[in-house]
Amino acid sequence: IARHGGIVDKYVGDAIMALFPAPGEALRGAVAMLEELDRFNQDGRRQGKEPIRIGVGINTGMLMLGIVGAAERLEGTVIADAVNLASRLEGANKAFGTYTMISESTWEQSGGRFVGRELGRLRVMGRTAPVRVFELAGLPGESAPAHFAPFGEALALFYGGRFQEALEGFERIPEDPASKTYVAHCRELILHPPAEWDG
């Protein structure tokens, strides 16, 4: 985190809350964390240990930075809806089998230069409007995984409410955890079509 300009704000249980000066630094920091995790797990496998997983959620937005709380309990931190969304995205990785989930605002402000794919539109707790989210997969100039293109095609069918065609598309990518999630969603929506559909 520090190597990429970030500041650790606090530890919350087994989570790290960090601030970065700009989206690009945050995304580079996330890629570096995943590379370090891969090295850690490789060492662990040689020792017969189970690999560990992490989830990273990144959002860009306005924050309030300062001393907050009451006289009996003051703390220097940041608070904002933007912080809450980043936390929600971190947790949403579990549903997609992904390691990193970034918001549309972060993706756009990074100029779309990083390797990634649109994962979906989520309606997270505390918000009524859906949020477009992306999976971060690499640094600028690196190649995207081969399954990202067919995933994007199937996702467009899903957005359009063409669930049977989307199902067939996602089923062609059985090695992709996010596609497995959508296979289950498509089957449920085919059985119980929604009265209204917004993707």
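Predicted model: local features only at pLDDT ≥ 70, side-chain atom pairs only at ≥ 80, totals over all residues.
Two packed helices are described by the angle between their axes and the distance between the axes. For helix α4, spanning residues 148-159, and helix α5, spanning residues 163-171, the axes come within 8 Å and cross at roughly 160°. Because angles over 145 degrees count as roughly antiparallel, α4 is assigned a roughly antiparallel orientation to α5. The crossing of the two helices, α4 and α5, is left-handed. On the α4 side, the contact is formed by Phe151, Ala154, Leu155, Leu157 and Phe158, which meet Phe163, Glu165, Ala166, Gly169 and Phe170 of α5. Classified by residue type, the contact between α4 and α5 comprises 8 nonpolar, 1 polar and 1 charged residues.

Ser110 is located in the loop that connects α3 (104-109) to β7 (115-122). A polar atom of the Ser110 side chain lies 2.8 Å from the backbone oxygen of Trp107. When neighbours within four places in sequence are set aside, Ser110 is in contact with Pro23 and Leu27.

Arg117 belongs to strand β7. The side chains of Arg117 and Glu135 form a polar contact at 2.7 Å. Excluding residues up to four places away in sequence, Arg117 touches Val133, Phe134, Glu135, His147, Phe148, Phe151, Asp176 and Ala178. Among these, Phe151 also takes part in the contact of α4 with α5.

Note on methods:
Residues numbered from 1 in each chain as written. Heavy atoms only, no water. Axes fitted to C-alpha atoms, helices over the stretch in contact; angles between N-to-C directions. Helix = DSSP H or I, 4+ residues; strand = E, 2+ residues; numbered from the N terminus. Parallel < 35°, antiparallel > 145°, perpendicular 65-115°, else oblique. Left-handed = near helix turned anticlockwise from the far one by under 90°. Contact = heavy atoms within 4.5 Å. Nonpolar A, V, L, I, M, F, W, Y, C, P; charged D, E, K, R; others polar. Polar contact = N/O pair within 3.5 Å; in protein donor to acceptor, adjacent residues only side chain to side chain.
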